[in-house]
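Please keep the sequence and the coordinates at hand while reading.

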Amino acid sequence: MGRRPLAWVAAIVLLLEGVGAVLLNGVLATVVGNQRMSLAGVDPGSMVAGTWAMGGILGLYLVLCAAVLVRTALKDRAPGLVGRIALITCAVTHGVLATLAVGLVGWDAFAFMMVVVGLLVLILLGYGTEPGRRPAAPA
């Protein structure tokens, strides 16, 4: 599979995952709000607001990474430094969440997260050194 289709697939997956993360946090916030749950004396309203905020931040982060991948696919060039850093942190975040998903959700969630990590790593390696560019001189 070429670099460009792989970038498109990863962008679609991250976009869907971002929407799913917001929806999941919305469900969690609704449950916490309806049951007036509290953790260690924290106000339930604060927990609802925090859950919505975390879902929004995670969703925006995944959409930002998907936008970097769309730009990469359209131009068929490696992302810049900021885009590369965003994709690396996205891969690391998915790796950490995958380890948590094994215990909390199961092996299916772990497998999905590892597929996303694999897609991101393949894109980062596939667009590693562009043709025509010389590698940096050793220090």
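In this predicted model, the axes of helix H2 (residues 44-75) and helix H3 (residues 81-104) come within 10 Å and cross at roughly 130°. An angle over 145 degrees would count as roughly antiparallel, and 65 to 115 as roughly perpendicular; H2 and H3 are therefore oblique to each other. The crossing in which H2 passes H3 is left-handed.

The residues that form this contact can be listed for each helix. H2 contributes Tyr-61, Leu-62, Cys-65, Val-68 and Leu-69. On H3, these residues meet Gly-83, Ala-86, Leu-87, Thr-89, Cys-90, Thr-93 and His-94. Sorted by class, the contact of H2 with H3 has 8 nonpolar and 4 polar residues, and no charged residues.

A second topic is the aromatic side chains. A pair of aromatic rings is described by the distance of the centres and the angle of the planes. With ring centres required to lie within 6.5 Å, the count comes to 1 aromatic pair. The rings of Trp-107 and Phe-110 have their centres 5.4 Å apart and their planes at 80°; because planes over 60 degrees apart count as edge-to-face, the pair is edge-to-face.

Both partners belong to helix H4 (residues 107-126). Trp-107 and Phe-110 are 3 residues apart in this helix, so about one helical turn separates them. How exposed is Trp-107? Its relative accessible area is 61%, and Trp-107 is therefore exposed. Phe-110, at 23% relative accessibility, counts as partly exposed.

How values were computed:
Residues numbered from 1 in each chain as written. Predicted model: local features only at pLDDT ≥ 70, side-chain atom pairs only at ≥ 80, totals over all residues. Heavy atoms only, no water. Axes fitted to C-alpha atoms, helices over the stretch in contact; angles between N-to-C directions. Helix = DSSP H or I, 4+ residues; strand = E, 2+ residues; numbered from the N terminus. Parallel < 35°, antiparallel > 145°, perpendicular 65-115°, else oblique. Left-handed = near helix turned anticlockwise from the far one by under 90°. Contact = heavy atoms within 4.5 Å. Nonpolar A, V, L, I, M, F, W, Y, C, P; charged D, E, K, R; others polar. Phe/Tyr/Trp six-rings, centres within 6.5 Å; stacked < 30°, edge-to-face > 60°. Buried < 20%, exposed > 50% of the residue type's maximum accessible area, 1.4 Å probe, protein only.
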